[in-house]
Amino acid sequence: MSFFSNGFFADQQGTPHLLLGLQAHNSSTGIPKMLEKEMHAVSLYGGNLFEAPVYWCEVEKREGEFDFSTVLELMDMCRERDLHLILLWFGVNKNGHPTYCPEWVKADPRRFPLAKGPDGGDVATLSPLAEETRRADIRAFTRFMDFLHRADREIHTVVAVQVENEIGYANTDMDYSDAAQAKYRQPVPQALRGLSLEDSGVKSSGDSWVSCFGRHAHEAFAAWCWADFIQRLATSGKSVCEIPLLLNVMLGENGFEEPGLCYNSGGPVSRVLDIYKRTAPAIDILCPDIYLGNREQYRQVISSYSREDNSLFIPESSPTGIANALNMIEAAADPRFAGVACFGAATALDEDGNLLPEAREVALSMRTIASVAPLLEQRAGTVYAIVQQEFMDKQYLRLPGWHVECLFTSANPSRFGLGSFINPLAPSNRDLMETRGRGLLIQTGENEFYLAGCGIRADFRMRPEIGYERSYVQLTSRMNGTLNFLSVEEGHFEHGTWVTDRFRNGDEANFACFVHRGEVVRIRLNAAR
Ligand code: DGJ
């Protein structure tokens with residue numbers, strides 16, 4: 001059985017699935033009314049994925065006694081709605097804290113010790129080095145995975161399991177307990193030798209943490225402690241249920257980027273990704289939770305996590321606002337994009353279950369990505385993001401055979417109107433003037449494209465061949481510009497196959513190819529000269 005295909009999550013038949021959806025709020029599991037509402041939100045975003053937590057404190061209230069009825073309920077509800085499900089194991093560490101540990105764990109700090117800060121005081125994180133803590137969490141997680149194997153092996157609703165949640169030490173850069181410090185004084189494990197962390201200032205050679213990782217020694221050690229714990233958990237879980245395992249991360253690209261102060265120390269932040277890859281190979285994807293609105297930072301994070309050995313899957317991001325609506329499109333154009341989800345499904349809806357105005361932009365972007373999912377899943381072509389950043393009136397793409405100029409509606413309203421079905425200046429179309437143009441252009445053949453999105457008018461001009469003397473003549477001919485199409489079809493995908501809903505021609509094709517509110521058009525250009 002294959003769990004990945006083309007870098008995407010795959011079903012039992014090996015069919016790849018781009019995952020798009022929403023994550024439940026932290027306290028939704030076990031509350032069917034809340035879950036119903038949140039799953040309904042997924043459908044309004046055009047998604048196919050629901051993510052929800054499984055609480056250790058709930059499934060093992062009394063030590064050694066397990067009850068997975070809430071997990072079954074989640075699976076049943078997703079099956080009824082034809083949704084994929086990712087379960088999040090909220091075990092020993094949720095955002096650094098032990099809040100989801102059962103009471104018998106919380107109430108017994110001798111058996112399950114907390115890590116210590118530099119002042120010797122307790123920090124609100126259980127030590128991953130404590131033998132009893134490891135044993136207890138690993139046993140519960142393995143029982144959960146065993147349950148999953150038995151309950152889901154036929155239908156395969158659960159496509160992945162996330163291990164813990166944004167792990168690490170909260171409020172300290174490492175564990176300063178005697179036990180941890182004794183470990184810190186031991187030589188760096190062989191597998192990590194030779195790794196160099198950016199900006200570490202390492203000059204010497206040796207086998208201590210400081211000689212290998214310089215100013216990042218504490219963080220590197222913390223990362224190794226957590227990665228080693230996660231590897232044990234993941235291996236044990238996979239021994240009873242072969243399913244992709246994910247590890248999400250509280251980003252290091254936060255504030256002034258110092259561990260323990262700006263983010264949990266020891267989690268798989270960009271700086272220590274290689275430590276995780278070498279120490280916890282049982283984790284299939286290290287996944288950034290990206291709440292950053294800043295485009296440059298967002299792109300930086302994408303480029304760190306999209307690697308040959310790591311698909312790009314974003315399990316949490318903002319469900320509202322224009323920033324994530326734009327950034328998500330950039331992520332979708334990444335060649336290793338496997339999916340994206342937004343956190344807090346219920347916050348997207350009003351009392352009556354309608355999308356709140358502030359959620360509409362992200363929902364539209366997600367629907368846009370979903371509208372071309374079959375092309376992405378087949379990696380059917382080169383994907384270009386078209387995104388109207390602030391002050392942009394258009395975006396130019398230089399493709400191998402074509403100049404593509406994309407005009408954005410809000411900045412060029414008079415260029416729309418007749419010839420694009422609607423006049424953006426009409427009061428009823430105010431939304432078109434208020435939104436940012438964005439979408440995906442997918443080149444599936446030398447002269448074939450799909451354009452999906454909103455607020456864009458794309459113009460294609462064939463680029464003259466290098467050395468062609470009459471290039472100006474070619475470029476200025478309308479037969480090489482706006483009239484250069486063989487066909488422009490508006491349509492959608494059904495079970496992976498393109499279905500044409502309308503052939504655009506005349507006014508609707510002779511001036512440009514446009515998308516207003518999430519349509520998809522297939523454009524076949526004429527390269528004959
Ligand atoms: C990140 C965490 O991973 C989520 O569980 C949730 O707490 C969000 N932050 C929003 O608060």
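The model is predicted, so local features need pLDDT of at least 70 and side-chain atom pairs count only at pLDDT 80 or more, while totals for chains, interfaces and linings use all residues. Residues are numbered from 1 along each chain as its sequence is written, and side-chain values use heavy atoms, with hydrogens and water left out.

N165 belongs to strand 9, residues 158-165 (strands are DSSP runs of E, at least two residues, numbered from the N terminus). N165 counts as buried because its relative accessibility is 2%, the cut-off for buried being under 20% relative accessible area with a 1.4 Å probe, protein chains only. Apart from neighbours within four places in sequence, N165 is in contact with W89, F90, N93, K94, N95, G96, N248 and E316; contact means heavy atoms within 4.5 Å. With N248, the side chain of N165 makes a polar contact of 3.0 Å (a pair of N or O atoms within 3.5 Å; within protein, one must be able to donate a hydrogen and the other to accept it, and residues adjacent in sequence count only if both atoms are side-chain atoms).

Around the ligand lie N26, K94, N95, N165, E166, D289, Y291, E316 and F343, each with a heavy atom within 4 Å of it. By class, this shell has two nonpolar, three polar and four charged residues. A polar side-chain atom of N165 is 2.8 Å from a ligand oxygen atom. For K94, an N or O atom of the side chain is 3.0 Å from an oxygen atom of the ligand, and for E166 the distance from a polar side-chain atom to a ligand oxygen is 3.4 Å. The ligand taken alone exposes 290 Å², of which the protein buries 72% (Shrake-Rupley method, 1.4 Å probe).

Definitions and conventions. Helix = DSSP H or I, 4+ residues; strand = E, 2+ residues; numbered from the N terminus. Buried < 20%, exposed > 50% of the residue type's maximum accessible area, 1.4 Å probe, protein only. Nonpolar A, V, L, I, M, F, W, Y, C, P; charged D, E, K, R; others polar.
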